[in-house]
Each structure stands twice: as C-alpha cells, then as structure tokens.
Amino acid sequence: VQLVESGGGLVQPGDSLRLSCAASGNRFSIDRMGWYRQAPGKQRELVALIISDGTINYADSVKGRATISRDNAKNTVSLEMNSLRPDDTAVYYCYIRAVYDRWGKGTLVTVSS
C-alpha cells in the first residue's frame, strides 16, 4: 500500500492550504482516512479523521478551520485548512485503516511570515 501526499509548503499566517493524499495498491476496503501531524519536539496528533460511516472527527485546535473530505472511488482524502497559524507548522501525515494502519511519508507545512 502506498500513500502519496501533496500540497505542503510554506504559507503565511492567515493563508489557506489544501493537502491531498492518494492511496494505491490497497486490496482491502478502507475504513477510515485522515490526517495526523507532528510538530518539532511534539508527539504526532490527530488533525482530522473521516470514517466510512460518515463520521468526522477534528482536533479541537483545527475545528472551524479545517474540512476533511474523501473520494471512495478514487481512494483519496483531502484536508483544507484556512486561517493558518504558526502553530499549525508540522509534518502532516496521511493515514488510512484498511485492516491495518498505514501512513504516508509526510508533507511539511510551514506557516511563517
């Protein structure tokens, strides 16, 4: 299974960003898809998760600023974030659960003026 993320980069505070992830090579139905992030010196944390039954969870820190969506036909998941802040700076990892948990290699998002 391969997860390929795209959309990271350097943005200014207040900007918006869209991250995308495509899963390939998966033989099982994907139950959940989402995004985690890890800031320097901190543990990896959940950003947003979307489950096959439609349930969506957001971290409190991004509620109201983030929107997660998935395309089951294409096995893709996207995360749109707006009003970005310096404390959103982190490596963002795509995640899926299809029997097993799988992670992408991560994409760096830097929010700085």
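Which two residues form a disulfide, and how far apart are their sulfur atoms? The pair is Cys21 and Cys94, with 2.0 Å between the sulfur atoms. Before going further, please note that this is a predicted model, in which local features need pLDDT of at least 70, side-chain atom pairs count only at pLDDT 80 or more, and totals for chains, interfaces and linings use all residues. Residues are numbered from 1 along each chain as its sequence is written, and side-chain values use heavy atoms, with hydrogens and water left out.

**Overall make-up**

- The chain has eleven strands and zero helices; here strands (E, at least two residues) and helices (H or I, at least four residues) are DSSP runs, numbered from the N terminus.
- With a radius of gyration of 13 Å, close to the 13 Å that the globule rule gives for 113 residues, the chain is as compact as a globular protein of that length, so the rule describes it well. The radius is taken over C-alpha atoms, and the rule is 2.2 Å times the number of residues to the power 0.38.
- Along its principal axes, the C-alpha trace spans about 45 × 25 × 25 Å.
- Buried residues make up 37% of the 113 in the chain, where buried means under 20% relative accessible area, exposed over 50%, and partly exposed in between (1.4 Å probe, protein chains only).
- Take the contacts (heavy atoms within 4.5 Å) between residues at least 6 apart in sequence: 53% of them join residues at least 24 apart.

**The four-stranded sheet**

- An open sheet is formed by four strands in the order β1-β3-β8-β7, with antiparallel pairing; two strands pair if DSSP finds at least two bridges between them.
- Its edge strands, β1 (2-6) and β7 (66-71), each pair on one side only.
- On average, neighbouring strands of this sheet are turned by 15° against each other, direction ignored. The axes behind this are lines fitted to C-alpha atoms, and angles run from 0 to 180 degrees between N-to-C directions.
- β1 and β3 (residues 17-24) run antiparallel and are joined by five bridges; Gln2 has Ser24 in β3 as its bridge partner.

**Strand β11 and its partners**

- With β2 (residues 9-11), β11 pairs in the parallel sense over three bridges, and Leu10 has Thr110 as its bridge partner.
- With β9 (residues 90-98), β11 runs antiparallel, joined by three bridges; Ala90 stands opposite Val109.

**The disulfide**

- The structure holds one disulfide, defined as a pair of cysteine sulfur atoms within 2.5 Å.
- The torsion about the S-S bond of Cys21 and Cys94 is about -85°, so the disulfide is left-handed.
- This pair links distant parts of the chain, with Cys21 in β3 and Cys94 in β9, 73 residues apart.
- Both Cys21 and Cys94 are buried.

**The nonpolar core**

- Trp35, Val77, Leu79 and Tyr92 touch the most other members among the 28 residues of the largest nonpolar core. Such a core is a set of buried Ala, Val, Leu, Ile, Met, Phe, Trp, Tyr and Cys residues joined through side-chain atoms within 4.5 Å.
- The elements giving two or more residues to this core are β3, β4 (32-38), β5 (45-51), β7, β8 (76-81), β9 and β11, and the largest share, five residues, comes from β9.
- Leaving aside neighbours within four places in sequence, Leu79 is in contact with residues including Leu17, Trp35, Val47, Ile68 and Tyr92.
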